[in-house]
Amino acid sequence: MKRCPLCSRTYEDDALSFCLSDGSALIKDQSAASSSFDPAPTILAPPPASDWSSPPAPVTPSPGTWNSGGLPQPPAAAWNSSYQPPLPATSYSSYAPVTQENGLAIGSLVCGILSFVCCSVFTGIPAIVLGIMAINKEKNDPLRYGGKGMAIGGIVLGGLSIVILGIWGLIQIAGAMR
């Protein structure tokens, strides 16, 4: 049997490692293990007040324990209202947000666009080189690197600008020989 050290709630399931009410780590309940066959202690309520002439004073709840409708609400976590119990330490890496590095792919695409628009060979060759480097890194470590589509776009635009420059050069040479 396990017990929550904050709210003293007990759990029969030994597979649980955190309290379902407040998320704190459960501890082994030594008192329940030593007296497993003892009956539960009887909790006695205090005797009623002998003066019945006036109604008892209203109980004012502490702030945060009652909602606006007058109903009790569970304790809220300090960090946000959509409380999720903490994950076991071994599974944090599987839930961590993954951000991929795609700087090479972005550089390839930018160089490819510039080469196609105005700079031709000066940015076409770097677009092809950066695109190939980005694709190789993405193949080797796909969880860390991304941007394969941008790299392919940069390679295509850089190659296309070099091919267009080559065709334009051939036309100029053929025109000069005439």
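Biologist: What percentage of the 178 residues in the protein do buried residues make up?

Modeller: This is a predicted model, and in it buried residues make up 18% of the 178 residues.

Biologist: Which helices and strands does the protein have, and what pattern do they follow along the sequence?

Modeller: There are five helices and three strands, and reading along the sequence gives the pattern β-β-β-α-α-α-α-α.

Biologist: Is Lys 2 buried or exposed, and why?

Modeller: A residue counts as buried when its relative accessible area is under 20%. Lys 2, which lies in strand β1 (residues 2–3), has 13% relative accessibility and therefore counts as buried. Leaving out residues up to four places away in sequence, Lys 2 touches Arg 9, Thr 10, Tyr 11, Asp 14, Leu 16, Ser 17, Leu 26, Ile 27, Lys 28 and Asp 29.

Biologist: Which residues form the largest nonpolar core?

Modeller: That core has five residues, namely Cys 4, Tyr 11, Leu 16, Cys 19 and Leu 26. If we set aside neighbours within four places in sequence, the contacts of Tyr 11 include the core members Leu 16, Cys 19 and Leu 26, and Tyr 11 is also in contact with Met 1, Lys 2, Leu 20 and Ser 21.

Biologist: Turning to the helices, at what angle do α3 and α4 pack, and how far apart are their axes?

Modeller: Helix α3 (residues 103–119) and helix α4 (residues 121–140) pack at about 155 degrees, with their axes 7 Å apart. Angles over 145 degrees count as roughly antiparallel, and α3 and α4 are therefore roughly antiparallel to each other. Residues that make the contact include Leu 104, Cys 111 and Leu 114 of α3 and Phe 122, Leu 130 and Met 133 of α4. By class, this contact of α3 with α4 has 12 nonpolar, seven polar and one charged residues.

Biologist: How do α3 and α5 pack, and what angle do they make?

Modeller: For α3 and helix α5 (residues 148–177) the angle is about 25 degrees, and the axes lie 7 Å apart. Because angles under 35 degrees count as roughly parallel, α3 is roughly parallel to α5. Among the residues making this contact are Ile 106, Leu 109 and Phe 116 of α3, together with Ile 155, Leu 157 and Ile 164 of α5. The residues of the contact of α3 with α5 divide into 11 nonpolar, seven polar and no charged.

Biologist: In what kind of crossing does α3 pass α4, and in what kind does α3 pass α5?

Modeller: The crossing of α3 with α4 is left-handed, and α3 also passes α5 in a left-handed crossing.

Technical notes
Residues numbered from 1 in each chain as written. Predicted model: local features only at pLDDT ≥ 70, side-chain atom pairs only at ≥ 80, totals over all residues. Heavy atoms only, no water. Axes fitted to C-alpha atoms, helices over the stretch in contact; angles between N-to-C directions. Helix = DSSP H or I, 4+ residues; strand = E, 2+ residues; numbered from the N terminus. Parallel < 35°, antiparallel > 145°, perpendicular 65-115°, else oblique. Left-handed = near helix turned anticlockwise from the far one by under 90°. Contact = heavy atoms within 4.5 Å. Nonpolar A, V, L, I, M, F, W, Y, C, P; charged D, E, K, R; others polar. Core = buried A, V, L, I, M, F, W, Y, C linked by side-chain atoms within 4.5 Å. Buried < 20%, exposed > 50% of the residue type's maximum accessible area, 1.4 Å probe, protein only.
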